[in-house]
Amino acid sequence: MSMSQSEILHLYRSSLRAAQRFETYNFRKYFYRRTHDRFHAMREETDSRQVERAVAEARAELEVMQRQGILNKMFSHNRTVIESDPHYASGARRFAV
C-alpha cells in the first residue's frame, strides 16, 4: 500500500499534535523531537518498502502517544523549573553573571 505525501504529512502533523498534548514537559519535548527526527529521516528514504515500514511504525507510535497523552493528563505532576518560569518557557535563556 503506497501512501501519498499528503497522507504522510497528515500523519506527521497528527503525531506532533499528540506529542504536544503531554502535560509533562520532558515527555512533550521527547515525543516532539522523536517524531520530528523520525519523519525527517523518512523523507530521505528512497526505498518504498522502507517508507511503508516507517509509516506503519509511525502509526503504531501515534496510537501509543495518544493513549499515553491521556494517561499523562490524568495524573498530576510537579512542574519543572522550565515550565514554572515564564522566561524559560518562552525559550529565552538566562545566564548567571
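This is a predicted model: local features need pLDDT of at least 70, side-chain atom pairs count only at pLDDT 80 or more; totals for chains, interfaces and linings use all residues.
Colleague: Where does threonine 24 lie?

Modeller: Threonine 24 is in the loop that runs between helix H1 (5-20) and helix H2 (25-44).

Colleague: Is threonine 24 buried or exposed, and why?

Modeller: Threonine 24 is buried, because its relative accessible area is 17% and buried means under 20%.

Colleague: Which residues is threonine 24 in contact with, leaving aside neighbours within four places in sequence?

Modeller: Asn72, His77 and Glu83 are in contact with threonine 24.

Colleague: Switching to H1. How many residues has it, and what does it reach from first C-alpha to last?

Modeller: H1 has 16 residues and reaches 23 Å between its first and last C-alpha, which is close to the expected 22 Å.

Colleague: Which residues of H1 are buried?

Modeller: The buried residues in H1 are Ile8, Leu11, Tyr12, Ser14, Ser15, Leu16, Ala18 and Ala19.

Colleague: And what covers them?

Modeller: The cover over the buried residues of H1 includes H2 and H3.

Colleague: Now the surface. Which residues make the nonpolar patch?

Modeller: Ile70, Leu71, Met74 and Phe75 make a nonpolar surface patch of about 460 Å².

Colleague: Where does phenylalanine 75 lie?

Modeller: Phenylalanine 75 is in the loop between helix H3 (48-74) and helix H4 (81-84).

Colleague: Buried or exposed, that phenylalanine 75?

Modeller: Phenylalanine 75 is exposed, since its relative accessible area is 59% and exposed means over 50%.

How values were computed. Residues are numbered from 1 along each chain as its sequence is written. Side-chain values use heavy atoms; hydrogens and water are left out. Patches are made of residues with over 30% relative accessible area and no salt bridge: like charges are joined within 9 Å, nonpolar side chains (Val, Leu, Ile, Met, Phe, Trp, Tyr) within 5 Å. Accessible areas come from the Shrake-Rupley method with a 1.4 Å probe; for residues, only the protein chains shown count as cover. A salt bridge is a side-chain nitrogen of Lys or Arg within 4 Å of a carboxyl oxygen of Asp or Glu. Helices (H or I, at least four residues) and strands (E, at least two) are DSSP runs, numbered from the N terminus. Buried means under 20% relative accessible area, exposed over 50%, partly exposed in between (1.4 Å probe, protein chains only). Contact means heavy atoms within 4.5 Å. The expected span of a helix is 1.5 Å times one less than its number of residues.
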